[in-house]
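Work through the exercises below with the model open in a viewer. Each task is followed by a solution in steps.

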Amino acid sequence: MAVVEMVMPRMGESVMEGTILKWLKQPGETIEQDESVLEVATDKVDTDVPAPFSGVLKEILAKEGDIVEVDKPIALIETEELAEVEADAPEAPAQVAETSGAAAVQPTASTSNGSHTSSTQTLRFYSPLVMNIARQENISSAELETIPGSGKEGRVTKNDILGYVEQKKTAPAESQPVVAAQVAKPAPQPTIAFEAPKVIKSVNGQDEIIEMDRMRKLIANRMVESKRISPHVSSFVEADVTGIVEWRNREKAVFKKNYNGNLTFTPIFIQAIARALRDFPMVNISVDGDKIIVKKEVNIGVAVALPSGNLIVPVIKNADHLTLTGLAVKVNDLAERARTNQLQPDELSGGTYTVSNVGSFGNVMGTPIIMQPQVAIMAVGAIKKKPAVVETPQGDFIGIRHLMFLSHSYDHRVVDGSLGGMFVKRVSDYLENFDTDQRV
C-alpha cells in the first residue's frame with residue numbers, strides 16, 4: 001500500500017486557486033479511479049474533481065469553503081496503484097500537474113522511491129503508469145492525446161497504451177492529414193455545475209423570491225462592472241446575405257454527411273469578423289489603466305444560451321487561422337459541450353472579441369454589453385426576407401432579398417465612432433461578398 005497526496009488540480013492556464021464547495025466522499029470510503037471526490041469552484045466554472053487512483057480516502061486536508069492554490073494538497077489517498085508504478089519503473093513521473101479537472105497526485109514520505117519531474121502540459125489526465133510507458137516508448141504528449149481511451153469518460157488505461165504500442169510496431173506509420181479544427185471526439189472536460197434556482201416564499205404568499213445561482217451572480221456582477229468601466233456606443237448596419245443563405249442551403253446536407261453536424265450561419269459571421277479584426281487591429285485590443293494592449297491573436301468568443309437560461313461564452317482561439325469548415329466544426333463542438341457542461345476553463349478565457357447571435361431568438365438587432373477587458377462586441381440579428389432595391393448594369397429593380405442587422409457595441413474610451421462604424425461596415429462587406437463557389 002502507498003499513501004499519496006491528492007492536490008488541487010490546474011483547471012486552466014489562468015486559474016490559480018479553487019474553492020472547495022463540497023466533499024462527495026468521506027475518510028474511510030473506497031473510491032474508484034475517475035470517480036468524483038469533491039466539487040470545486042473557480043471564477044469561471046464549478047466542477048467535479050475525479051480521483052486520480054482507486055483506493056481509500058484516508059484523510060481530508062482542506063475543508064469545505066477553503067480556498068486552495070493549485071498543486072497544494074487537499075487529501076490523502078491510500079492506494080496500491082502507485083506501488084505498482086514504482087515497482088515497474090522507479091523513474092516514473094510521480095506528478096501530473098497540468099490536468100483538466102483531474103486531480104494531480106504526488107507521493108508522501110511513505111513513497112519516497114518516486115522521483116519528481118517538471119509538470120507536463122496536457123489536455124487530459126494520465127496516470128503515472130501510462131506516463132511512464134509513454135516515456136519508455138518515446139510517445140510524445142501530442143501523440144498521447146490521439147490515443148482513444150476505454151476508461152471512464154475516455155481515460156487512457158494501461159491496456160489502451162500497450163495496445164497502441166503493439167499496433168504501432170506492427171502497422172506502418174500512416175501520415176494523417178491535418179484539417180483545421182478536425183472533427184474528433186473531444187477529451188473529457190470538467191463539468192460545469194449549474195445550481196437549480198432556490199425558490200423562497202414571500203411574506204404575503206403572492207410572489208416568488210428566487211435566489212440567484214452562482215453563475216447568475218457572476219453574470220450580474222460582470223455586466224454591471226462592464227457598464228461602469230466602458231462608455232458603450234452602438235453602430236448598426238443592414239447587410240444583404242442572400243448569397244450566404246443560398247450557399248448554406250446548397251451545402252448543409254454535404255456538411256451534415258461529412259461532419260455529422262449542422263452548418264449554421266455563426267461560423268460565417270465569425271470568419272467575417274476575424275477578417276475585419278485583421279483589417280482594424282485597434283478594435284482587437286484591451287485597456288489596462290491608461291495603456292492600450294493590441295492583441296496579436298484573434299480569439300473570438302461565441303455567446304451560447306444554456307438550458308438553465310444563463311449564457312456562457314466559449315472562445316475560438318486563433319479564429320483567423322481556421323478555414324470556414326474548421327470554424328463550423330469548432331463552433332458545433334464548443335456549443336454542444338457548453339450545453340452538456342463539458343467545457344474546460346481555458347476554453348472560456350483569452351477572448352479578444354465576442355459575437356452574440358440574437359437572431360437565434362427571433363430578434364432583429366440588439367445592443368450587447370462588452371465582455372471585459374475586451375472593447376467591442378457584435379450582435380447579429382435574424383435574417384429576414386424583405387423587398388429591396390437591387391442595382392444591376394441594366395438598371396435598378398425591386399427584388400426579394402435576405403437582409404440582417406449587425407449591431408456593434410464598443411468602448412468609446414478607445415474606439416471612436418468612425419472606427420466603430422467602419423469596422424461593422426467592413427464585416428458587412430465581407431458577408432455581402434461571400435465566396436459562394438467554395439465547398440465545405
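## Exercise 1: Threonine 325

Threonine 325 has a relative accessibility of 12% and therefore counts as buried. The model is a predicted one.

Task: find which helix holds threonine 325, and which residues threonine 325 touches beyond four places in sequence.

Solution. 
- Step 1. Threonine 325 lies in helix H8.
- Step 2. The cut-off for buried is under 20% relative accessible area, and threonine 325, at 12%, therefore counts as buried.
- Step 3. Leaving out residues up to four places away in sequence, threonine 325 touches Phe255, Tyr259, Arg439 and Val440.

## Exercise 2: H6 against H8

Task: decide how H6 and H8 are oriented to each other and which residues make the contact.

Solution. 
- Step 1. Helix H6 spans residues 242–259, and its axis comes within 12 Å of that of H8, with a crossing at roughly 65°.
- Step 2. Angles of 65 to 115 degrees count as roughly perpendicular, and H6 and H8 are therefore roughly perpendicular to each other.
- Step 3. The crossing of H6 and H8 is right-handed.
- Step 4. H6 contributes Trp247, Phe255 and Tyr259 to the contact, and H8 contributes Leu324, Thr325, Ala328, Val329 and Asn332.
- Step 5. Sorted by class, the H6 and H8 contact has six nonpolar, two polar and no charged residues.

## Exercise 3: H7 against H8

Task: decide how H7 and H8 are oriented to each other and sort the contact of H7 with H8 by class.

Solution. 
- Step 1. The axes of H7 (residues 266–279) and H8 (residues 324–339) come within 9 Å and cross at roughly 125°.
- Step 2. H7 and H8 are therefore oblique to each other.
- Step 3. Their crossing, H7 with H8, is right-handed.
- Step 4. On the H7 side the residues are Thr266, Pro267, Ile268, Ile270 and Gln271; they meet Leu324, Leu327, Ala328 and Val331 in H8.
- Step 5. The contact of H7 with H8 has seven nonpolar, two polar and no charged residues by class.

## Exercise 4: The nonpolar cores

Task: state how many residues the largest nonpolar core has and which element gives the largest share of this core.

Solution. 
- Step 1. The largest nonpolar core has 58 residues, and those with the most contacts inside it include Ile270, Ile316, Phe423 and Val427.
- Step 2. H7 supplies the largest share of this core, eight residues.
- Step 3. Isoleucine 316 touches, among others beyond four places in sequence, Ile270, Ile300, Leu327 and Val331.
- Step 4. A second, separate core has 19 residues, including Val4, Met8, Ile20 and Ala75.

Definitions and conventions
Residues numbered from 1 in each chain as written. Predicted model: local features only at pLDDT ≥ 70, side-chain atom pairs only at ≥ 80, totals over all residues. Heavy atoms only, no water. Axes fitted to C-alpha atoms, helices over the stretch in contact; angles between N-to-C directions. Helix = DSSP H or I, 4+ residues; strand = E, 2+ residues; numbered from the N terminus. Parallel < 35°, antiparallel > 145°, perpendicular 65-115°, else oblique. Left-handed = near helix turned anticlockwise from the far one by under 90°. Contact = heavy atoms within 4.5 Å. Nonpolar A, V, L, I, M, F, W, Y, C, P; charged D, E, K, R; others polar. Core = buried A, V, L, I, M, F, W, Y, C linked by side-chain atoms within 4.5 Å. Buried < 20%, exposed > 50% of the residue type's maximum accessible area, 1.4 Å probe, protein only.
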